Amino acid sequence: MEVLWIGALLAALALGGFLAGRFRALKAAGGDTRVLHSVPNYSGTLVALSAALPAFALSILLAAFGVAPAVLWGATILAGVIGFALSLRLIGRDFRARNAVEAVIKGLLIAAASLAILTTLGIVLSLVFNTIEFFRLYPLTKFFFGTEWTPSFGGGSELGILPLLWGTLYISFVALAVAVPIGLFAAIYLSEYASRTVRGAVKPLLEVLAGIPTIVYGLFALLTVGPFLLSIFGPKGPTAAFADGGWMHAGTAVMTAGLVMGIMLIPFVSSLSDDIINAVPQALRDGSYGLGATKSETIRQVVMPAALPGIVGAILLAASRAIGETMIVVLGAGAAARLSLNPFDAMTTVTAKIVSQLTGDADFASPEALVAFSLGMTLFVVTLGLNIFALYIVRKYREQYE
Amino acid sequence: MSDASPNTARPVSRSLHHVDARTKRRNAAETRFKALGIGAIAVGITFLVILLSTIFMNGASAFEQSFLRVPVHLDAAKLDKKGNRDPADLKKATTFTYAPLIQQGLLDAVQKAGIETPLTKSGDMKNLISSSAAAQLRDRVLANPDLVGQTVTAEILASSRVDGYLKGRVKRDQVAQDKNISVEQLDLADALLKAGILHKSFNWDFIFGADASDSRAEQAGIGIAMLGSFYMMLVVLVLSLPIGVAASIYLEEFAPKNRFTDLIEVNISNLAAVPSIVFGILGLAIFIQFAHLPQSAPLVGGLVLTLMTLPTIIISTRAALKAVPPSIRDAALGVGASKMQAVFHHVLPLAMPGILTGTIIGLAQALGETAPLLLIGMVGFIATNTPDGFWDGFVSPNSAMPAQIYEWAKRADPAFYERAWGGIIILLVFLLGMNIIAVVLRRKFERRW
């Protein structure tokens, strides 16, 4: 196991470095460590770090580029020995080993924090390159304005994003239509009416809904909600008489996915709105009560208008969640891309198609697989835009009362 | 001063207790509004109750499985033609040799119990028995060649149709078109149940076993996928805890207020809201296409989930660091500690319970995440192999619990749905356990300053 042995080598380098550095510092002190600038352990740590760290970084870099094992081993050992020797030479009576160690650690901390930037960069690069590749093979205008989505790996596919966007927006709309009223009223009740005990009991209960994995909601949509809706709105249901043969023809539909996604978003909307309503200063409420307003009048005419920007921000965040949600739509919304107004039709979304285009046995160079990256790019841009806008609104609102 | 009193326009209430029409209206509006709030909460909690009870009602049956207790005569003439009990020769007898033996054993048991049935040939028993039973019996014989020639009592897995019939999933009126079971066979199953030959017992194989192919729902288990999840969580824990803590310490304790720090902060808050499927695309493009890490490996899954959970962990860790009062830092600095020493020797240990709580919650989130795993290939195959050794577990193809559930949900045979719900129960038990640990940690070690 290559990785293990490299790890063992690095550990050995570090241990050897620590002992050697410590020994050298002690020797320089001549038996009285008080004359040293730093505690000997810092000297040891410095040698250990400079022997192991560059070697570690180098080995990862080389492994990522897939060089031959001999080169990998040689380079790692060389880097380790150089780091070891150079840092060991520095150790002496007046050498500020602690400051050096702290500088190295600070560098590591900065590197860890920068990983967030690297991740974003990785996302953007992996999306951009493949998207460009896709648009070389498929015209940009046909992708953005095409109303047909008929991928076929034999070639001659129509890959228009509009039906997918429509499905995404429709399902998100249904989800928000469920989640926003329920979540908002729950938040109002919890923050304005409920006693401490009720609040303490109900809030965690609602938040359980947020902790349930989305695959569970997906299964719930596919196996429970879909068949239930079908029994009511399907050809055999009581509503079949109104529409010829019923509105719904299969368990998977916009309504199924939207409803379940709405349930998932309730705690999201309610806890965000709860925070925002709580941030409205009590003085505003007291003023309203003093003028003789009832509690509900205060909420509707004073608290809500004051909290409105924040609540809009919360709804936008929920919308971005709904647009990016994958498992519920993969299992609950169906696979057919269509532009229809009937909420009981099966439709599909951007996320569901990313999954289906990338999980087949498709050749990664074909437009049918590459389209998933441009779908991902669209999704990324849309959700990012929504998030930035929403966070901007929420932040601006918070500052208003601070 | 005007002569006309404004009160003449409206009759004055005689008493505060007398409620006029307008007050009534306002009070009614108040009650309605409050009722709406209660209604919203009731709806939310009802959804929760429906969801949980659906999971439990559909999934509980996955933990029970039907078995047939059958004495099987391991005919030496068929299994060991050379008669030397040599394992190499025994291996030549395939499952096709074993299957008729089991069927004959079941038929004998049926006749011995005096059950009247039109099914009198051993071949008629085939649909009652799982197609994996022969392989299991063969493994048992290969492990212990002395069994050949004896009559052993074997716990034989019943077929998924019989299992479904006992659990109420397969109904009599549906089996007319079903070529995998007939009404007579269901009658026989009833009689076998009465005779004690067919029985249900706890399904350990579901919890610890491997997934099975499309036609053998009765054998499918989530154990291997659980192992895959375990390896992924190890990767996530080992990477995200140190990196997350280091990033938070920098941002909270050292970062100067400048453009670079702002850039990091903006990136972290945006990454927290990027849809998980996008992280899957990242994993596919960077780890698999670019770095050529093995597909379907828990290592790659763990890396992707690490990137996904880092923002969550960073946000909660920063909150924990912020909760440590500045006086602690000042005291440390005052007695001559460097800033780094003040943070690592004093602030970090005090913030540790909060950091661990946040990490566990982040891990719980990662454990339930499915979408990115679909893109890096952790579905679509049958996870049957236990990894050879600890290190192999990271790189050999595997599934994960949520991916396995998704896989079962997509299969055509409804017998797998029960497994999917059962898998969800196991997944939720893990999540519940992790959250309880987090709550206990918080309760036990939380300090109020």
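Visitor: How many residues of chain B are in contact with chain A?

Guide: In this predicted model, 72 residues of chain B are in contact with 79 residues of chain A.

Visitor: And what area do they bury between them?

Guide: The two chains bury about 6,500 Å² between them, with 81% of that area on carbon and sulfur atoms. In chain B, the residues that lose the most area to chain A are B:F33, B:I41 and B:L51, which together make up 10% of what that side buries.

Visitor: How many salt bridges does the rule find across the interface?

Guide: The rule finds 1 salt bridge between chain B and chain A, and there the side chains of A:E297 and B:R26 meet at 2.8 Å, N to O. As for polar contacts, 10 residue pairs are counted between the two chains, with both residues at pLDDT 80 or more.

Visitor: Which helix gives the largest share of chain B's side?

Guide: That is helix α1 of chain B, residues 21-59, which supplies 20 residues to the side touching chain A. Sorted by class, that side of chain B has 58 nonpolar, 11 polar and 3 charged residues.

Visitor: Which residues form the nonpolar patch on the surface?

Guide: A:L61, A:F65, A:V67, A:V71 and B:F290 form that patch, with about 500 Å² of accessible area together, and A:L61 lies in helix α2 (residues 40-64) of chain A.

Note on methods. Residues are numbered from 1 along each chain as its sequence is written. Chains are lettered from A and ligands numbered from 1 in the order in which they are written. This is a predicted model: local features need pLDDT of at least 70, side-chain atom pairs count only at pLDDT 80 or more; totals for chains, interfaces and linings use all residues. Side-chain values use heavy atoms; hydrogens and water are left out. Contact means heavy atoms within 4.5 Å. Buried area is the accessible area (1.4 Å probe) that two parts lose on being put together, summed over both. A salt bridge is a side-chain nitrogen of Lys or Arg within 4 Å of a carboxyl oxygen of Asp or Glu. A polar contact is a pair of N or O atoms within 3.5 Å; within protein, one must be able to donate a hydrogen and the other to accept it, and residues adjacent in sequence count only if both atoms are side-chain atoms. Helices (H or I, at least four residues) and strands (E, at least two) are DSSP runs, numbered from the N terminus. Ala, Val, Leu, Ile, Met, Phe, Trp, Tyr, Cys and Pro count as nonpolar, Asp, Glu, Lys and Arg as charged, and the others, Gly among them, as polar. Patches are made of residues with over 30% relative accessible area and no salt bridge: like charges are joined within 9 Å, nonpolar side chains (Val, Leu, Ile, Met, Phe, Trp, Tyr) within 5 Å. Accessible areas come from the Shrake-Rupley method with a 1.4 Å probe; for residues, only the protein chains shown count as cover.
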